[in-house]
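The sequence and structure come first.

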Amino acid sequence: MAHSLRAALRSRNVAPDAQEAVGRVFALAMQPRIAALDDDRHPAWLHPGRSALILLHDVAQVDSIVLIVAALHESVDTALQVPTAEMEGGVSPAAVQALARIPMPGDERLVERLLLLNSGLALAALSERLDHLRHLHMREDLIDSWSETHAEVSRAWLPFAARTDTTLARRYAHWARTFAKRI
């Protein structure tokens, strides 16, 4: 995954210092996964890299801080979140503050909080959530929440994606259609 991320960053002509920063954050975001997961095929294993790759592959132009926030954000497996204290020194304070503004699924003010995000944070939130959704069918531990997740995506995330980015909106719509057959 680190190699794929580097290749995508180079192909998008991301500045070398930004490439290094994204790589450092990816390594940082992997630390809780390496410590907690004993199966590198677990759907959460490569989540930080996949969240950033969604942006690199699907969004026309994205700032490196958005890639960093997407890689650090963890909305499903809270035990795999990088503690704020561990971000100090390795992650810009702006990225740490931005990360705290992204709402979590199930937030009773989800729509309102999503609409308050600037365009970069909106992209980071959408890519991170989309990666979890793309792998939800592999998460039998979350099967009891599948219907609720689908309803929330249809009510909040899909319309938000439509306001934010056409490619991500298309991907959310595809997920919502195909996942509806599973519930």
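Which helix gives the largest share of the lining of the second largest pocket? That share, three residues, comes from α6.

## Basis of the model

The model is predicted: local features need pLDDT of at least 70 and side-chain atom pairs count only at pLDDT 80 or more, while totals for chains, interfaces and linings use all residues. Residues are numbered from 1 along each chain as its sequence is written, and side-chain values use heavy atoms, with hydrogens and water left out.

## Helix α6

A95, A98 and L99 of α6 are buried, where buried means under 20% relative accessible area, exposed over 50% and partly exposed in between, with a 1.4 Å probe and protein chains only. Seen down the axis of α6, the buried residues fall within an arc of 105°, so they line one face of the helix; the arc is taken over the directions from the helix axis to the C-beta atoms.

The face turned away from the buried side of α6 carries exposed P93, Q97 and A100. The cover over the buried residues includes α4 (64-72), α5 (84-87) and α8 (119-134), contact being heavy atoms within 4.5 Å.

## Pockets

The largest pocket has a volume of about 250 Å³. On a 1 Å grid over the protein atoms alone, a pocket is an open set of points where a 1.4 Å probe fits, with protein on both sides within 12 Å along at least five of seven lines, and lining residues have an atom within 4 Å of a point. Points are joined across faces, edges and corners, and the volume is the space filled by probe spheres set on them. Of the 14 lining residues, V76, P105, R129, S145 and T149 lie nearest the centre of the largest pocket. Helices α8 and α9 each supply at least two residues of this lining, which divides into five nonpolar, five polar and four charged residues. Ala, Val, Leu, Ile, Met, Phe, Trp, Tyr, Cys and Pro count as nonpolar, Asp, Glu, Lys and Arg as charged, and the others, Gly among them, as polar.

The second largest pocket has a volume of about 210 Å³. Its lining includes L99, A100 and E74, and α5 and α6 each supply at least two of the lining residues. By class, this lining has eight nonpolar, three polar and one charged residues.

## Salt bridges

The whole structure holds 10 salt bridges, each a side-chain nitrogen of Lys or Arg within 4 Å of a carboxyl oxygen of Asp or Glu. R33 and E74 form one, at 2.4 Å from N to O. The pair links distant parts of the chain, with R33 in helix α2 (residues 16-36) and E74 in the loop between α4 and α5, 41 residues apart. R33 is buried at 2% relative accessibility, and E74 is buried with a relative accessible area of 2%. D39 pairs with R41, the closest N and O atoms being 3.3 Å apart; D39 is partly exposed at 29% and R41 is exposed at 66%.

R50 and D131 form a salt bridge with the closest N and O atoms 2.7 Å apart. R50 lies in helix α3 (residues 47-58) and D131 in helix α8, 81 residues apart. R50 and D131 are buried, and salt bridges that share partners join R50, D131 and R134 into one network. H135, in the loop between α8 and α9 (146-164), touches P43 and R50, not counting residues up to four places away in sequence. H135 is buried, with a relative accessible area of 14%.

Key:
Helices (H or I, at least four residues) and strands (E, at least two) are DSSP runs, numbered from the N terminus.
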